[in-house]
Amino acid sequence: MNSLSRSANPAPGIFWAAVSVLCWGTLFPAVSFLLKRGNVDCYTMAQCRFLAAGILMLAMIAVRERRAPWQNLLPRDFFHLIIQSVFAAAMSGLLFFGQSFGIPVVNASMLEAEAPILIFLLSIVILREKPSLLQTLGLLLGFAGSMLVLKAVNSRGIAITSISSGDAMVFAGAVSWALYTVLARNTIRKIGGLRYTAWSVLFAGIWILLFQLAANFPRRYPVEIPDLAATLYLGLVPTALAFFAWNNAQHYISAGLLGISGYFTPMLTALLGWLCFGEKVTFFQISGMFLVVGAALIEPEIAALLRRKK
């Protein structure tokens with residue numbers, strides 16, 4: 001793999017990828033809590049979480065660096081930020097749009113299984129990364145494991161029995177997330193992970209607002225304290241911290257390895273559902289978790305790191 005896509009020490013990148021997975025693992029419980037209350041619609045929730053994350057991160061940059069967060073950014077940088085943020089907004093919007101077609105939960109969750117493979121493929125096409133055989137095998141194992149964890153495959157066979165327009169929207173969302181990840185790489189290396197994340201999520205929130213206005217969708221903003229608290233949490237943890245950790249990891253590890261780390265998100269979500277809500281974890285899900293862990297362990301960058309530590 002080329003030198004631009006792999007650091008001599010991938011440990012920081014693996015750490016930041018793990019942080020992003022931990023943060024995104026808490027996304028589903030918080031979103032479920034907010035939407036079940038029925039006071040905030042899904043698009044406004046997405047808009048608020050992105051805008052809150054962007055504003056808070058830009059304020060933090062201004063305080064830490066004691067200068068305006070737009071200083072030293074060229075018009076070309078803002079052009080890249082605005083265009084690339086479209087894909088972050090589209091990922092969220094297309095997922096909700098796909099769910100509005102009434103597709104089953106297992107179909108909607110396929111975004112988490114599809115995105116790592118798409119990131120892997122786009123990193124080869126766009127970034128010219130050269131994956132090894134072990135990395136490719138790890139990706140396939142991770143995909144198989146995530147299908148079990150997401151209950152897309154169970155004791156009765158494949159749970160997805162039909163494909164509809166909603167599934168196409170979910171797949172388009174996965175493509176959007178993969179494009180956001182891969183296209184961000186060069187911009188992140190130029191302006192830094194924190195600054196990139198702050199501006200890109202802010203613009204993503206603006207794009208979602210523009211979409212709501214163009215589609216004439218209702219906008220129900222959080223007003224009650226539980227709704228405000230849940231929305232603030234979404235902005236801080238599964239958005240600001242998760243996106244920063246995900247983007248910052250690109251300084252140290254390949255896009256392929258970063259994609260494989262995405263398979264841990266559904267695994268963590270299932271474990272949190274079991275611990276916090278008493279949801280049943282099946283034998284097939286546990287088997288899938290072992291496959292995901294095994295996929296990570298045979299990944300060349302992680303395997304090399306473990307050998308050095310040993």
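Okay, ground rules. We're looking at a predicted model, where local features need pLDDT of at least 70, side-chain atom pairs count only at pLDDT 80 or more, and totals for chains, interfaces and linings use all residues. Numbering runs from 1 along each chain as its sequence is written, and side-chain values use heavy atoms, with hydrogens and water left out.

Let's start with the rings. Searching the whole structure turns up 18 aromatic pairs. For the record, rings of Phe, Tyr and Trp (its six-membered ring) pair if their centres lie within 6.5 Å; planes under 30 degrees apart are stacked, over 60 edge-to-face, and the rest tilted. Take W24 and W177: their ring centres are 5.5 Å apart and the planes sit at 85°, so that's an edge-to-face pair. W24 is in helix α1 (residues 11–25) and W177 in helix α8 (residues 165–191), so the pair ties together parts 153 residues apart in sequence. Helices, by the way, are DSSP runs of H or I, at least four residues, numbered from the N terminus. Both W24 and W177 are buried, and buried means under 20% relative accessible area with a 1.4 Å probe, protein chains only.

Now for W199 and F203. Here the centres are 5.8 Å apart with the planes at 25°, so this pair is stacked. They sit four residues apart in helix α9 (residues 193–215), which puts about one helical turn between them. W199 counts as buried at 9% relative accessibility, and F203 is buried too, at 15%.

Ring pairs also link W24, F50, W177, Y180, Y196, F243 and W246 into a cluster.

On to the packing. A nonpolar core here is a set of buried Ala, Val, Leu, Ile, Met, Phe, Trp, Tyr and Cys residues joined through side-chain atoms within 4.5 Å. The largest one has 65 residues, and M45, I119, W177, Y196, W199 and F243 touch the most other members. Helix α3 (residues 42–65) gives the largest share of this core, 10 residues. What does I119 touch, if we skip residues up to four places away in sequence? That would be W177, A178, T181, V182, W246, A255 and G259, with contact meaning heavy atoms within 4.5 Å.

Next up, E299. You'll find E299 in the loop between α13 (283–298) and α14 (300–309). Is E299 buried or exposed? Buried, with a relative accessible area of 0%. Leaving aside neighbours within four places in sequence, E299 is in contact with Q135, L257 and I260.

A quick stop at helix α2 (residues 27–37), where the buried residues are P29, A30, V31, S32 and L34. G38 follows α2, with a positive phi near 75°.

Note on methods
Helix = DSSP H or I, 4+ residues; strand = E, 2+ residues; numbered from the N terminus. Buried < 20%, exposed > 50% of the residue type's maximum accessible area, 1.4 Å probe, protein only.
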